[in-house]
Amino acid sequence: MYKSILVAYDGSTAAAKAFHSALELAERLGAALGVVSVAQLPEPPTMGETSAILDAANSHYEKDFRKLRADAKSRGLELQTHILAGHPADQIIHRAAETGADLIVMGHRGGSRMKEWLLGSISKRVLSYAPCSVLIVRIGVERSTKRGSSC
Amino acid sequence: MTHVWAQASLWLALALLATLLSIWFRIATALSEIVVGTVAQLVIGALIGTTALGASESWITFLSGTGAIVLTFLAGAELDPKVFRAKWKEATVVGLIAFFAPFFGCAAVARYVLHWGSQPSWLCGIALSTTSVAVVYAVMLELGLNKTDFGKAILAACFINDLGTVIFLGLVFAPFTWRTLTFVVGCLVVFPLIFWLTPRFFRWYGNRPSELEAKYLLLLLFGMGALAAWADSEAVLPAYIIGMVLAGTVGNDHQLVRRLRTLTFGLLTPFYFIRAGSFVLVPALIAAPLVFATLLAAKMATKFVGVYPVTKAFGYVKREGLYTTMLMSTGLTFGTISALFGLNHKIITQVQYTHLVATVIASAVIPTLIANAFFLPHYLLPRRSDHESTQKIAGDAAVA
């Protein structure tokens, strides 16, 4: 069914839950599993701050990735991890297209209406423009599946 | 001292507010600090008095000036010497043209269209000649172009462009007396000396809790800044060149750079950007929006006239050339530094300063949006390699 699964990981509880759902799915289907995290840069990017954000993202996600890799290894899976910079939705979609992923799994944090209106929801944007199926995992709900267009 | 502590509390409260706003709205902290400074001056000025914020007090001026110097130094230290050595020909030509075209073009527009005086027009040319390395780098990073020859050449060109800006800022308004000559000779002696001495000095005495490296660098920056100020030049000129000279030493020491960033962003740059914002006159912008629009159009048009033909000469296809041109039209920090220099030295009026800062801020955003919307060379985007289990964003970057 799915041969390549990409998890969008931002370090939140929802993302951790999405990762474990994807891990279970990858194990059952024998699919390849990848994780992508995105360092969001400020607008407009400025001297020093951009470098500081990239440094912080690298050290933060690297620490998380060690644990995720160990979890994957315990189930006999090899995990590909990747840290990108830019708008999270754009980068997740590009990554999925580049690696030929046929399923994106991501958490939904459920930000306030004001925040969503101001900044837009990352999961909504991925769902709208992804080149493959998308699974949105919600906190407090066992699993909620939404499908985008198929690859 | 009560007055100073109270004022320091007010400024840090503003800095904290600006940081929170930058987090909530995902905008650059520098931009947020400029806006907070502008609004704070407007509100506090109306409620308590125009001098209540104390933007012209000597200790605030000192912290603000130090912020500009250290920030400029860090910007110079981000140069990757290997990339520059590999692409220096293209980078030098594109960078110099990207500086000179807007420098002369925007100065001419200010002089003959806006009827500014001669000195303010030159200052306008300098402030709008910059290219934001940070904006260009971020765009390259997002698209993965920072690893391509195309991306590396543009990044290196940005450093040359900004070097032109700081050199002209430091020398155009200098009186050219024996002091200027002493300053130039001092630079010619000190820069090669620190290139040789710094790595050795850090190896012998560095990596101790006493933070010897930070003290050494601040001594260099203050010392050369004092020499520049004594020669009626600008302290950011030696700071940027010292950063470039030490890029291979300081730039590679990530721990040291992180410690310097803590000092810079935690204490110094909030004073610099809030102060820069506090001099912006909102009524002046509302009263004459066409001035701002004219200056922005002049910057983008002159960058186009200068950079686009050069990219063609280097064999860039149309889309690559237009994309490069648009990216080289961005600018923020050096533009603000130049404008504030002009205001501090009474070269420009506060109204002219307001228009310049507004143009500089717009130039950090608008050209990038146009470039990504219409001229992105999609075929240059590399396929990211999957050979390594993890790829970091900064580790393989040309400039971090």
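Predicted model: local features only at pLDDT ≥ 70, side-chain atom pairs only at ≥ 80, totals over all residues.
Chain B contains 16 helices and 1 strand. Its radius of gyration is 21 Å, close to the 21 Å given by the globule rule for 400 residues, so chain B is as compact as a globular protein of that length. The C-alpha atoms of chain B fill a box of roughly 60 × 55 × 50 Å along the principal axes. Buried residues account for 52% of the 400 residues in this chain. Contacts in chain B were also sorted by sequence separation. Among those between residues at least 6 apart, 79% join residues at least 24 apart.

The contact between the chains draws 37 residues from chain B and 29 residues from chain A. On the chain B side, two or more residues each come from α2 (29-47), α3 (58-77), α6 (133-143), α11 (254-278), α16 (350-374) and β1 (390-391). Helix α6(B) supplies the largest share of that side, 7 residues. By class, the side of chain B that touches chain A holds 20 nonpolar, 8 polar and 9 charged residues.

The buried set includes B:V133, B:V136, B:Y137, B:M140 and the charged B:E142. Partners come from both chains. The buried residues of α6(B) pack against α2 (49-74) and β3 (79-85) of chain A. Within chain B, they pack against α3, α7 (149-171), α14 (318-327) and α16. Just after the helix, B:G144 adopts a positive phi of about 75°.

In soluble globular proteins, nonpolar side chains tend to be buried together. The largest nonpolar core here has 174 residues. Those touching the most other members are A:I5, A:V7, A:F19, A:I104, A:V105, A:V126 and B:V136. B:V136 is one of the buried residues of α6(B). Leaving aside residues up to four places away in sequence, A:F19 touches A:V7, A:Y9, A:V35 and A:L68.

A:V126 also takes part in a helix pair of chain A. The axes of α3 (residues 88-99) and α5 (residues 122-129) of chain A come within 9 Å and cross at roughly 35°. The crossing of α3(A) past α5(A) is right-handed. From α3(A), A:P88, A:A89, A:I92 and A:I93 meet A:I122, A:R125, A:V126 and A:Y129 of α5(A). This contact has 7 nonpolar, no polar and 1 charged residues.

Note on methods: Residues numbered from 1 in each chain as written. Chains lettered and ligands numbered in written order. Contact = placed C-beta atoms within 7 Å. Helix = DSSP H or I, 4+ residues; strand = E, 2+ residues; numbered from the N terminus. Axes fitted to C-alpha atoms, helices over the stretch in contact; angles between N-to-C directions. Left-handed = near helix turned anticlockwise from the far one by under 90°. Core = buried A, V, L, I, M, F, W, Y, C linked by C-beta atoms within 7 Å. Buried ≥ 20, exposed ≤ 12 C-beta atoms within 10 Å, placed from the backbone. Rg over C-alpha atoms; globule rule 2.2 N^0.38 Å.
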